[in-house]
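This briefing is meant for a reader who meets the structure for the first time. It starts with one residue and its surroundings, and then turns to the whole chain and to a few local features.

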Amino acid sequence: YRVDAEYGTNDDFKRLIAAAHRRGIAVLVDLVLNHASSEHPAFKEAQRDTASPYRNWFRWLPAHPGVKNRWGGDNWHRSSVRGDYYYGFFWGGMPDLNYENPVVLDEAKKISRFWLVEMGVDGFRLDAIRHLIESEQGAITENVPATHTVLRDYSAYIRRIAPHAYTIGEVWDSTGAMLPYYPDQLDSHFAFEVADSIIAAVRSGSARKLLPPLVRIQQAIPDQRWAPFLRNHDQTRTLTELGGDVSRAKVAATILLTLPGLPFVYYGEELGMGGNKPDERLRTPMHWRRTRAGGFTTGTAWQPLQPDSLTASVEAQDADPASLLNLYRRLIHLRAANSALATGEMVPLTTNSDAVAAYLRRDGKRAVLVVVNLGAAPLTGVRLSSAGAVLRAGRHLAKTLLGGGSAARLRVGTDGSIQTYIPLPVIRPMASHLFELVKQ
């Protein structure tokens, strides 16, 4: 219920929210429902006193149950105070909260109400929700039925007290594992399988496996209720994953911001900040300026800056029209201004090259063609085709949205199909093209 003093005061936070709202910016805060800290006073009291009202906020056993999780890990940790064992999925410093105790869920609701009503936030990013409840003494650690029950209860409460609020959950799993979290739990969830497919396609230079996960999730989940992204605070940063290749990072950004769903961008990705494990080095200060602490603080930053801080900074890229930062800006503005890119359906297109990703975004009013060369070589004579009923029959003008030259006119067959359309004579390596298709 209180902002840490290192960050300021509750009143400082309220001023931040008010300033964001004046600029049309909604603010979500990270809410960790799954676990507390072993340094939390409630846990310390529960460790010390078995009669404490906080004792049943956590899971305890008098002896180790002898079970491992499905990865062979041990989630039971010996208490240094009494010698008994408590459950903590991630590590001993993060004891799991016990949602089989209704008092714990009631407290989670009170905390949520405080931040929504008293502090004015617009919603929550909810951490590690697939691990809320475990079964078989911790042998089964994710996606159990009781977790869905808790989330339905929690989400119904949020909708009652703050109908405007937006909740997005971290279900770090396949699309199939994510589907049971719809339709009546959180508003949205991160699409990890989609994120992995984008990175893998850009890294390998092959589009063959890029679009099937997107088609599946689009068919199963309404638009705006799933969130594609590239990397998050637990994963190797995009530019590091791509071997420092800024051209490939630009391709990844273009794909992300032309897909359906509600995209999220981890801070610094728009600059191409590098970073690898351990976690602290994935969460280094944002590079605002080319100064000792990157403009993050006038004091000493909590972590040293990344080695790329002089080039991967807002100051270095702000005025460069060819920078990664300005590509992100252009794509975000295009998405906001074009209804097909904002909320339209994605229609995959067939190409004669595995190195080319091609798809339509359409919403009934507008249509945008996206063509990306993922490969390291220029391509000539790239042909695009589709099934029937993808566009209105007749001639379409292809107007460039991202620069890079105009495209040939498109003729759509009487059945609404695209047949062997060659938009450009040559597509350069790692080049991305967006064309608005206008019926003539």
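Does Asp-84 count as buried or exposed? With a relative accessibility of 7%, Asp-84 falls under the 20% cut-off, and therefore counts as buried. The model is a predicted one, and the points below are grouped by topic.

**Around Asp-84 and Arg-55**

- Asp-84 sits in the loop that runs between strand E3 (76-78) and strand E4 (85-87).
- Leaving aside residues up to four places away in sequence, Asp-84 touches Arg-55, Trp-60, Leu-61, Pro-62, His-77, Arg-78 and Ser-79.
- One of these residues, Pro-62, is 22 residues from Asp-84 along the chain, and the C-alpha atoms of the two are separated by 4.8 Å.
- Arg-55, another residue that Asp-84 touches, belongs to the loop between helix H2 (41-48) and strand E2 (60-61).
- Arg-55 has a relative accessible area of 14% and is therefore buried.
- The contacts of Arg-55, again without residues up to four places away in sequence, are with Ala-46, Gln-47, Asp-49, Thr-50, Trp-60, Arg-82 and Asp-84.

**The whole protein**

- The protein contains 12 helices and 18 strands.
- Its radius of gyration is 24 Å, close to the 22 Å that the globule rule gives for 440 residues, so the protein is as compact as a globular protein of that length.
- Taken along the principal axes, the C-alpha atoms fill a box of roughly 75 × 50 × 40 Å.
- Of the 440 residues, 52% count as buried, while the protein exposes about 20,200 Å², with carbon and sulfur atoms supplying 54% of that area.
- When contacts between residues at least 6 apart in sequence are considered, 66% of them join residues at least 24 apart.
- There are 51 positive and 44 negative side chains in the protein, and the centres of these two sets lie 8 Å apart.

**Helix H4**

- Helix H4 (residues 145-161) is made of 17 residues and reaches 25 Å from its first C-alpha to its last, which is close to the 24 Å expected at 1.5 Å a residue.
- The buried residues in H4 are Thr-147, His-148, Val-150, Leu-151, Tyr-154, Ser-155, Tyr-157 and Ile-158.
- These buried residues of H4 pack against strand E1 (28-31), helix H3 (102-118), strand E5 (123-126) and strand E6 (166-169).

**Backbone features in loops**

- Tyr-182 and Pro-183 are joined by a cis peptide bond with omega at about 0°, and Pro-183 lies in the loop between helix H5 (175-178) and strand E7 (188-190).
- A cis peptide bond also leads from Lys-277 to Pro-278, where omega is near 5°, and Pro-278 is found in the loop between helix H9 (246-256) and helix H10 (314-317).
- Gln-137, a residue other than glycine, has a positive phi near 55°; Gln-137 lies in the loop between E5 and H4, and with a relative accessible area of 39% Gln-137 is partly exposed.
- Thr-420 is not a glycine either, yet its phi is positive at about 45°, and Thr-420 has its place in the loop between strand E16 (410-412) and strand E17 (426-427).

Note on methods
Residues are numbered from 1 along each chain as its sequence is written. This is a predicted model: local features need pLDDT of at least 70, side-chain atom pairs count only at pLDDT 80 or more; totals for chains, interfaces and linings use all residues. Side-chain values use heavy atoms; hydrogens and water are left out. Helices (H or I, at least four residues) and strands (E, at least two) are DSSP runs, numbered from the N terminus. The radius of gyration is taken over C-alpha atoms; the globule rule is 2.2 Å times the number of residues to the power 0.38. Buried means under 20% relative accessible area, exposed over 50%, partly exposed in between (1.4 Å probe, protein chains only). Contact means heavy atoms within 4.5 Å. Accessible areas come from the Shrake-Rupley method with a 1.4 Å probe; for residues, only the protein chains shown count as cover. Lys and Arg count as positive and Asp and Glu as negative; His and the chain ends are not counted. The place of a charge is taken as NZ of Lys, CZ of Arg, CG of Asp or CD of Glu. The expected span of a helix is 1.5 Å times one less than its number of residues.
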